[in-house]
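Please keep the sequence and the structure in view while reading.

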Amino acid sequence: MVKKMRSSTSRLIQLIAIGIIALGFNGCGGWWKSEATQEPAAPPAVEMPSDTEAVESAIRFLEDRVKRDPDDIIALNKLAGYYLQRQRETGNVTYLELAGRAARQSLAAVPAEFNNKGALSALAQVEFASHEFAAARDHAAQLVELDPDKSYPYGILGDALLELGDYDKGAEAFAKMQQIGGSSPSIESRLARLALLRGQTDLAAHRMKIALALAANLQPPQRETVAWCRWQLGEIAFSSGNYEAAEQYYRDSLVTFPDYYRALGSLGKVLAARGDTAGAIAQYERATKIIPDPMFVAALGDLYKLAGREQDAAAQYALVEQIGKLSAANGVLYNRQLALFYADHDIKPDEAYNLAAKEYAARQDIYTADAVAWTALKAGKLEEAQSAIKEALRLGTQDAKLFYHAGMIAQAAGDKRSAKDYLARATKLNPQFDPLQAMSMKSALDSNAE
């Protein structure tokens with residue numbers, strides 16, 4: 001018993017001691033270096049041990065310490081790091097609020113310029129995860145000035161710039177990060193994201209496989225990081241219509257991290273694409289019990305509708321609106337999702353457009369431009385829809401949803417040739433990208449073939 005207690009205590013102390021490192025991670029992030037230069041084989045999926053109990057114990061220990069000394073910046077910064085880790089693992093936005101509070105309290109005690117860069121890093125990550133991208137960009141830029149020879153500030157800066165639609169500067173930030181830090185799960189996953197946006201799907205998969213191998217070889221490996229990389233590989237495969245590979249990646253992610261909410265939702269998505277409606281419903285039901293993300297809830301409603309469960313579908317659709325409007329914070333998080341939900345289901349077209357336009361005023365990336373285009377079409381603003389969809393397609397991103405929206409906008413404008421071309425491209429790329437919208441796409445393509 002004494003030996004077991006010593007082991008547990010040692011693990012707790014180790015977690016607290018290394019906690020500050022977690023502040024530098026975001027998704028598949030980190031500051032590790034590697035000489036890897038070519039794509040390795042994906043490591044076999046194995047279940048990785050959970051450190052949730054130890055992390056929660058560390059959180060309680062640090063919370064008690066902060067109560068006794070509210071200006072203990074070491075405890076506050078480590079606490080922010082653990083809250084961010086738990087948010088990534090669970091999707092629970094409450095942890096974001098806690099992490100932000102701890103980071104701001106730390107910065108109030110000791111400003112970042114007085115060697116409190118850990119708190120500034122945590123705050124920038126909280127802002128990014130909360131969709132406060134301009135604030136995340138500005139704090140990341142400040143962090144670059146304070147710590148220019150470290151790679152992690154450039155990663156946070158690049159992430160924010162991409163979400164704001166400043167792709168060239170985001171790429172520059174990632175290049176600087178790579179120059180300083182070399183190859184790592186953090187840089188490889190970010191370069192994969194950039195490649196995917198630019199329509200370089202094969203390169204994106206290549207980069208992400210390197211990220212996965214590097215993450216799996218860390219000592220000790222971080223369970224959520226490895227599961228996230230596998231899930232990302234599934235997303236890349238799904239975007240190309242390779243449903244078999246996507247399903248395997250999602251299942252591998254769930255082997256690594258059972259009940260990982262991202263992989264559960266995506267497994268539901270790919271099972272729906274493969275025609276297994278019952279299996280898809282089961283996965284989405286599991287995912288929504290863990291975290292009622294509006295995308296999961298809406299997808300579950302669509303599947304209920306396809307299964308003839310109209311009352312259940314209506315209940316899920318009502319829940320989407322409730323989640324989207326729960327609070328001002330959630331409104332920032334879910335503006336775009338709620339706008340697209342309205343547009344996809346042909347309800348509240350003006351409100352959908354207003355939500356998308358509000359989002360675009362602060363976040364001019366291609367996917368928000370797409371949301372403006374789609375909602376503008378549904379709101380009868382055809383010229384604006386045409387302008388916005390051009391912006392959405394400007395990087396050459398290979399996404400069936402973008403092509404589908406472009407095709408429907410072209411059809412509304414009477415441009416049958418362009419409509420047929422875009423709809424055919426979407427169908428060839430990813431014919432079942434969405435259960436209900438794929439049906440609409442097929443119908444529109446058939447009408448243009450006449």
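A residue is called buried when its relative accessible area is under 20%, exposed when that area is over 50%, and partly exposed in between, with a 1.4 Å probe and protein chains only. The model is predicted, so that local features need pLDDT of at least 70 and side-chain atom pairs count only at pLDDT 80 or more, while totals for chains, interfaces and linings use all residues. Residues are numbered from 1 along each chain as its sequence is written, and side-chain values use heavy atoms, with hydrogens and water left out.

Phe133 lies in helix H6 (residues 133-146); helices here are DSSP runs of H or I with at least four residues, strands are runs of E with at least two, and both are numbered from the N terminus. If contact is taken as heavy atoms within 4.5 Å, and neighbours within four places in sequence are set aside, Phe133 touches Glu127, Phe128, Ala160, Glu163, Leu164 and Arg363. By comparison, the C-alpha atoms of Phe133 and Ile59 are separated by 27 Å, the two residues being 74 residues apart along the chain.

The view can now widen to the whole protein. It has 23 helices and zero strands. Its radius of gyration, taken over C-alpha atoms, is 22 Å, in agreement with the value near 22 Å for a compact globule of 450 residues; the globule rule is 2.2 Å times the number of residues to the power 0.38. Along the principal axes, the C-alpha atoms fill a box of roughly 75 × 45 × 45 Å. Of the 450 residues, 53% count as buried. Among contacts with a separation of 6 or more, 59% join residues 24 or more positions apart.

Charged side chains form the last topic. The structure holds 24 salt bridges, each defined as a side-chain nitrogen of Lys or Arg within 4 Å of a carboxyl oxygen of Asp or Glu. Which residues are linked in a network of salt bridges? The members are Glu163, Arg193, Arg336, Glu359, Arg363 and Asp365. Two residues of this network, Arg363 and Asp365, form a salt bridge in which the closest N and O atoms are 3.7 Å apart. Arg363 is buried at 5% relative accessibility, and Asp365 is buried at 4%.

Another salt bridge joins the side chains of Arg274 and Glu247, at 2.7 Å from N to O. This pair links distant parts of the chain, 27 residues apart: Arg274 sits in the loop between helix H13 (261-273) and helix H14 (277-290), and Glu247 in helix H12 (residues 243-256). Arg274 is partly exposed at 44% relative accessibility, whereas Glu247 is buried at 13%.

Within helix H22 (residues 416-429), Arg425 and Asp421 are four residues apart and therefore separated by about one helical turn. Their side chains meet in a salt bridge of 3.8 Å, N to O. Arg425 is partly exposed at 35% relative accessibility, and Asp421 is partly exposed with a relative accessible area of 39%.
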